[in-house]
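Hi,

Here is the structure I promised to hand over. Please have a look, then read my notes below.

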Amino acid sequence: MAESWNESDKIHRVVFDGPELHKLTFKFCVRGLCARKSWHFREKFETECLFSPTSWLCEMSFRQVTRNGRTCFPFVLKRTDSSSNPVNVKVSLHILDAACKQLFRTPIIKEERMLAGEVIEVSLEEIMEFPKTVYFNLLLHVVLAIRITSCHSTSLQ
Ligand SMILES: [Zn+2]
């Protein structure tokens, strides 16, 4: 079993840098929260932008669902560069349990004119009943997409 849990640490990253959009997609599985209690996602990334390259740190702590059926975890996205251009950010987060049921109401997180040093912090909460708690603690499929736009200054004006 321990071997399969290691697969949680395989994070597939897809990067798209276009003229109007930078998109980062992270796909991964969180396995065996029943034994691990929690699992931390922490990824740094940069945009390959000709106008205003930006850098970022994204963190999430997945937590085992407890006996009362409640789980809650923070999503944090921090802009870590020091350039002066504001950018627009849109995050979509798809989380499915072992039975492929969508969880956390599939949040879309948006921030306009986000500056260097600023942080988006959102708390995600889900309350579920047996047997969904078992599916949750067994396996989660996660697809996180982060879109960064308007770094190409003209579109902000
Ligand atoms: Zn750009």
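**What I found**

Arg113 counts as exposed, with 12 C-beta neighbours inside 10 Å. The cut-offs are these: a residue is buried if 20 or more other C-beta atoms lie within 10 Å of its own, exposed if 12 or fewer, and partly exposed in between, with C-beta atoms placed from the backbone. Arg113 sits in strand β8. Its phi is near 50°, a positive value in a residue other than glycine.

Thr106 also has a positive phi, near 40°, and is not a glycine. It belongs to the loop between β7 (102-103) and β8 (108-114). Thr106 is exposed, because 12 other C-beta atoms lie within 10 Å.

One peptide bond deserves a look as well. Phe130 and Pro131 are joined in cis, with omega about 5°. Pro131 lies in the loop between β9 and α3 (132-138). As background, most residues other than glycine have a negative phi, and most peptide bonds are trans.

**Ground rules and confidence**

This is a predicted model: local features need pLDDT of at least 70, side-chain atom pairs count only at pLDDT 80 or more, and totals for chains, interfaces and linings use all residues. Residues are numbered from 1 along each chain as its sequence is written.

pLDDT is the predictor's confidence in each residue, from 0 to 100. The protein chain averages 90, and 91% of the residues score at least 70. Over residues 1-6 the pLDDT is below 50. Beyond near neighbours in sequence, that stretch has 5 contacts in the model. A contact means C-beta atoms, placed from the backbone, within 7 Å. Where pLDDT is low, the predicted coordinates should not be read in detail.

**Overall layout**

The protein chain has 3 helices and 10 strands. Both are DSSP runs numbered from the N terminus: helices are H or I with at least four residues, strands are E with at least two. The order along the sequence is α-β-β-α-β-β-β-β-β-β-β-α-β. The C-alpha atoms fill a box of roughly 50 × 30 × 25 Å, taken along the principal axes. Of the 157 residues, 25% count as buried. Take the contacts with a separation of 6 or more: residues 24 or more positions apart account for 63% of them.

**The four-strand sheet**

An open sheet of 4 strands runs in the order β3-β4-β5-β9, with antiparallel pairing. Strands pair if DSSP finds at least two bridges between them. β3 and β9 stand at the edges with a single partner strand each, so one side of each is left without a neighbour in the sheet. The twist averages 10° from one strand to the next. For that angle, axes are lines fitted to C-alpha atoms (for helices, over the stretch in contact), and angles run from 0 to 180 degrees between N-to-C directions.

β4 (residues 55-63) and β5 (residues 70-79) are antiparallel and joined by 5 bridges. They form a hairpin with 6 residues between them. Gly69 in the turn has a positive phi of about 80°. Across this pair, Glu59 stands opposite Val76 in β5.

β5 also pairs with β9 (residues 119-127), antiparallel, through 9 bridges. Here Val76 stands opposite Glu121 in β9. Phe75 faces Val122 in β9.

**The core**

Which residues touch the most other members of the largest nonpolar core? They are Val30, Phe62, Val89, Leu140 and Ile146, out of 26 residues. Such a core is a set of buried Ala, Val, Leu, Ile, Met, Phe, Trp, Tyr and Cys residues joined through C-beta atoms within 7 Å. β2 (22-31), β3 (38-46), β4, β5, β6 (87-97) and β10 (139-149) each supply at least two residues of it. β6 gives the most, with 5 residues. In soluble globular proteins, nonpolar side chains tend to be buried together.

Ile146 touches Leu24, Cys58, Val89 and Val91, not counting residues up to four places away in sequence.

**Thr25**

Thr25 is found in strand β2. It is partly exposed, because 15 other C-beta atoms lie within 10 Å. With residues up to four places away left out, Thr25 touches Val14, Val143 and Ala145. The C-alpha atoms of Thr25 and Val91 are separated by 9.8 Å, and these residues are 66 apart along the chain.

Best wishes

How values were computed. Two residues are in contact if their C-beta atoms, placed from the backbone, lie within 7 Å.
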